[in-house]
Amino acid sequence: MEFLIPGLILVGIMAWASTRIKRNAAKAFEAEEIETPEYSLSKPDGFLSIVDPPNGLLFSAYSKEFGEGEANRVRRATAQLRRLPGTSVNQAAKQAKAGVSELISEDIGIIGGRKCATIVTKRLLDGIPLESCYKILEGTGGIFQLVVDILPQYQDDFRPKADHMIDSFLLN
């Protein structure tokens, strides 16, 4: 009997903590507006953004789920933003198209007085097919490139979200 009350209290605390952890984890995958002194973008729901992106990335996010079959080690969708020092929009666009299996679309123009390129390609990453959506913007701090990669079998789920993220990406 002397263990029953402390045991019930412990179980109650564990249930409360578990519910709180699950709620906070679910919030991490909700949509959010990301604004920094350099850029802003809208992260759609279903993506988790990394607080400290690796390898010099300015922004990195990924889907919760992985692919299936051969793609079971690849996220269904990922997004990465990087600054490309010492290059131009045309050079970055050429680099984005290098080694692709298919160029789906390419638009180069001026948005808000800044040179911009939007490119959609199909490519292979370690033998896994991906559709890659690029938005390349010229800014005062250099060239910024946002890439959203999607496994083709999940296009219906992630393409509208990728388009929203690409469209919302602006330099400040």
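Predicted model: local features only at pLDDT ≥ 70, side-chain atom pairs only at ≥ 80, totals over all residues.
Visitor: How many aromatic pairs does a search of the whole structure find?

Guide: Rings of Phe, Tyr and Trp (its six-membered ring) pair if their centres lie within 6.5 Å, with planes under 30 degrees apart counted as stacked, over 60 as edge-to-face and the rest as tilted. Here the search finds 2 aromatic pairs. In one of them, the ring centres of Phe47 and Phe158 are 5.8 Å apart and the planes stand at 80°, so this pair is edge-to-face. Phe47 belongs to strand β3 (residues 47-49) and Phe158 to helix α3 (residues 155-168), so that the pair links parts of the chain 111 residues apart; helices (H or I, at least four residues) and strands (E, at least two) are DSSP runs, numbered from the N terminus.

Visitor: Are Phe47 and Phe158 buried or exposed?

Guide: Buried means under 20% relative accessible area, exposed over 50%, and partly exposed in between (1.4 Å probe, protein chains only). Both Phe47 and Phe158 are buried. Glu131, in strand β8, also counts as buried, because its relative accessibility is 8%.

Visitor: Which residues of the largest nonpolar core touch the most other members?

Guide: A nonpolar core is a set of buried Ala, Val, Leu, Ile, Met, Phe, Trp, Tyr and Cys residues joined through side-chain atoms within 4.5 Å. Of the 29 residues in the largest one, Tyr39, Phe59, Met165 and Phe169 touch the most other members. Apart from this core lies another, of 11 residues, including Ala117 and Ile119.

Visitor: In what order do the strands of the open sheet run?

Guide: Strands of a sheet pair through backbone hydrogen bonds, either parallel or antiparallel. Two strands are taken as paired if DSSP finds at least two bridges between them. In this model 3 strands form an open sheet in the order β1-β2-β10, with antiparallel pairing. β1 (32-35) and β10 (170-171) stand at the edges, each with a single partner strand, so one side of each has no neighbour in the sheet. β2 and β10 pair over 2 bridges, and Ser40 has Leu170 in β10 as its bridge partner.

Terms used. Residues numbered from 1 in each chain as written. Heavy atoms only, no water.
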